[in-house]
Amino acid sequence: MKCPFCGDPNTQVTDTRENDDGEVVRRRRRCVRCDKRFTTYERIDLKLPHVVKRNGSRTEFDANKLRASMELALRKRPVSTEALESAVEQITTRLITLGENEITSPQIGELVMKELKRLDKVAYIRYASVYRNFTDVDEFSSVIREMQQPRQQPRQQPRSRRERSAATPVDTGNDLFDH
Ligand SMILES: [Zn+2]
């Protein structure tokens, strides 16, 4: 840190103090050359990117909105509040560590789907069906197939394309769209 009085790059830290909540570090410094004193403040620069929506408008990232949309997908699913919170935190941290000024809402959607896929397949499909409108039919079918097959069973041979495209939610016989 250069001395603001004489510009000398050699300054000594004479005192270091954190504020009560530990968010700011205050340092007293002394210039080795002109002996003048000054103070510097150190803060963590945590910035969330702005969200660019599909229509091009920009908005602040809102973790509450994110949580609400995930809660909707997880309705009546056996996923704890703690697990949801940790997923929300995971996504938020990811957004911060990206260090970008802007992120698109589809990019956030992808992060959400990644977390939901890990948490609960049904919630994942609910979310994806709304978010992506299942433009990727093959992916939809493969997730449906995963849900139909208990993990212990060996994987079935790939079915024909015709059969795969017939794998609609109605055929699953579970509570997929019971909401
Ligand atoms: Zn100086």
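Mentor: Let us examine helix 2, residues 81-98. This is a predicted model, in which local features need pLDDT of at least 70 and side-chain atom pairs count only at pLDDT 80 or more, while totals for chains, interfaces and linings use all residues. Residues are numbered from 1 along each chain as its sequence is written. Helices (H or I, at least four residues) and strands (E, at least two) are DSSP runs, numbered from the N terminus.

Length comes first. Helix 2 has 18 residues, and at 1.5 Å a residue these should span 26 Å; the expected span is 1.5 Å times one less than the number of residues. The end C-alpha atoms of helix 2 are 26 Å apart, which agrees with that expectation.

Next, consider which residues are covered. A residue counts as buried if 20 or more other C-beta atoms lie within 10 Å of its own, as exposed if 12 or fewer do, and as partly exposed in between, with C-beta atoms placed from the backbone. By this criterion, the buried residues of helix 2 are Leu84, Ala87, Ile91 and Leu95. Viewed down the axis of helix 2, these residues fall within an arc of 75°, so they line one face of the helix. The arc is that of the directions from the helix axis to the C-beta atoms. The spacing follows a general rule: an α-helix has 3.6 residues a turn, so residues three or four places apart point the same way.

The other side of helix 2 carries exposed residues, namely Glu82, Glu85, Glu89, Thr93 and Thr97.

What do the buried residues of helix 2 pack against? Their partners are helix 1 (63-73), strand 6 (102-104) and helix 3 (105-119). Contact here requires that the C-beta atoms of two residues, placed from the backbone, lie within 7 Å. After helix 2 comes Gly99, with a positive phi near 65°.

Elsewhere in the model, positive phi values also occur in hairpin turns. Strand 1 and strand 2 form a hairpin with five residues between them, and Gly22 in the turn has a positive phi of about 70°. Strand 2 and strand 3 likewise form a hairpin with five residues between them, where Asp35 in the turn has a positive phi of about 65°. These strands belong to an open sheet of three strands in the order 1-2-3, with antiparallel pairing; two strands pair if DSSP finds at least two bridges between them.
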